[in-house]
Amino acid sequence: MIWFALWREHKLSIAEILAVFPEGKAVYFSKDILILDWIDKDEILKKANSLWWTIKIIEIIDSDILDDALKSEWKFKYWISTFWDKKNLKEILNTTKKILKENGVSSRFVNKDFTNLSSAQILWEKLVQSWTDYNFIFDFDKKYIWKTIWIQDIYNYSKRDFNKDRDMQTGMLPPKLCQMMINLSWWKNIYDPFVWLGTILIESILMWNKKVYWSDLNQTMVENSRNNINNFAKENHIVLEDSDFIKLNAKFINESNILLEKEVDAIVTEWYLWEIMTQKNISIERIEKQKESLLSIYDKFFLNLKNIDYKWNLVVCFPFWEINSKYIYFEEVYKIINEFCDIQKLFPDNFENITTKAWSLLYKREKQLVWREIFKLKIKA
Ligand SMILES: C[S@@+](CC[C@H](N)C(=O)[O-])C[C@H]1O[C@@H](n2cnc3c(N)ncnc32)[C@H](O)[C@@H]1O
């Protein structure tokens, strides 16, 4: 069994893991952890670097800390983290050190103040590479010892997430959310028909996809995206296998020669967020107006995808709003989706209370009033 330690937005983390490892059987989840069974550790390690919403991956070990320590040529450096029953950590650390000493092993635990370590500390101490990151998990009276087999490289991660030239006020799709959406789509040759600055496609290239396609109603956006994508590939020494773009109103997606002629196998996109709303200007009337203009695009878009018999995955996010601490969902859009699409389930049936009624995922950034609702869809046959 393999355990995944989850990010705070645990539903997004779980959906991503299940999409990346469809062969695993999900046996348990909580706010902190997902447990997968029937999955090979090597398989996990091969794909783990494409996970963006997992903090670390751990597996049960047969050996004990003492066995490992006796094999160690140097002073044995280790750390222990506990899940659930955190108050025992001090006792565990002290007892372990004592037992090691009694067995002639000189050791040092890295935990300071008898607390769990952060990912940054684990990376800094290189504890995963030396396989001495132990996790104690207490489940009522049972105790399991696990070792960390993979940890999110948060240095690289924050570089990728924050070094982007972006302005939060424009409501740009956060890279981490792009990556999750790409993972949900099975990350292949992606087409974004509302490309704007090319954020989704740049993230897709970072995830080793070499074919990217885009269109937008606005010619300047089509060209800006071309520059952004080409510059990005050049700076990172990535040679794209194919790329193509056109100026196109997404209502007439059936006229896109890209969709008709290229090997597009997923549409990943954020629908047009009409405008950014602030506390000062948000109102029901404005929201209704936005909905109306958006619906006129969505309606045609889906109908025309159906007309060309589009078979592949679609991962899309729609807006919904918060006004006076109440959420206004885009219920009108559910009707369109239900008419033209089969909504793909993101969680197994035995996972209760995790999905929304509409089988979507919700994402919010603090202080924003426009939220995102993410769907994985297939056009009805
Ligand atoms: C909010 S942006 C999309 C966000 C983007 N995916 C990102 O990287 O964060 C909206 C884009 O949709 C484009 N757009 C608006 N209406 C459109 C339509 N009918 N067809 C195609 N593109 C459209 C706009 O020009 C703009 O570039």
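Before I go on, a word on the model. It is a predicted one, in which local features need pLDDT of at least 70 and side-chain atom pairs count only at pLDDT 80 or more, while totals for chains, interfaces and linings use all residues. Residues are numbered from 1 along each chain as its sequence is written.

Now to the core. Leu201 and Met181 are the residues with the most contacts inside the largest nonpolar core, which has 82 residues. By nonpolar core I mean a set of buried Ala, Val, Leu, Ile, Met, Phe, Trp, Tyr and Cys residues joined through C-beta atoms within 7 Å; a residue is buried if 20 or more other C-beta atoms lie within 10 Å of its own, exposed if 12 or fewer, and partly exposed in between. Strand 13, residues 313-323, gives the most to this core, with seven residues; strands here are DSSP runs of E, at least two residues long, and helices are runs of H or I, at least four, both numbered from the N terminus. Because domain 1 (2-155) and domain 2 (164-379) both give residues to this core, it lies between them, the domain bounds coming from an automatic or database domain assignment. Apart from it lies another core, of 10 residues, among them Tyr78 and Phe109.

Let me turn to a pair of helices. Helix 1 (residues 10-20) packs against helix 7 (residues 175-184) at an angle of about 40 degrees, with their axes 8 Å apart; the axes are lines fitted to C-alpha atoms over the stretch in contact, and angles run from 0 to 180 degrees between N-to-C directions. On the helix 1 side, Leu12, Ala15, Glu16, Ala19 and Val20 meet Met180, Asn183 and Leu184 in helix 7.

Finally, the backbone. Most residues other than glycine have a negative phi. Asparagine 324, however, has a positive phi, near 50 degrees; this residue lies in the loop between strand 13 and strand 14 (326-328), and counts as exposed because it has 7 C-beta neighbours inside 10 Å. Tryptophan 359 also has a positive phi, of about 60 degrees, and is found in the loop between strand 15 (341-343) and strand 16 (361-363). With 15 other C-beta atoms within 10 Å, tryptophan 359 is partly exposed.

Methods: Two residues are in contact if their C-beta atoms, placed from the backbone, lie within 7 Å.
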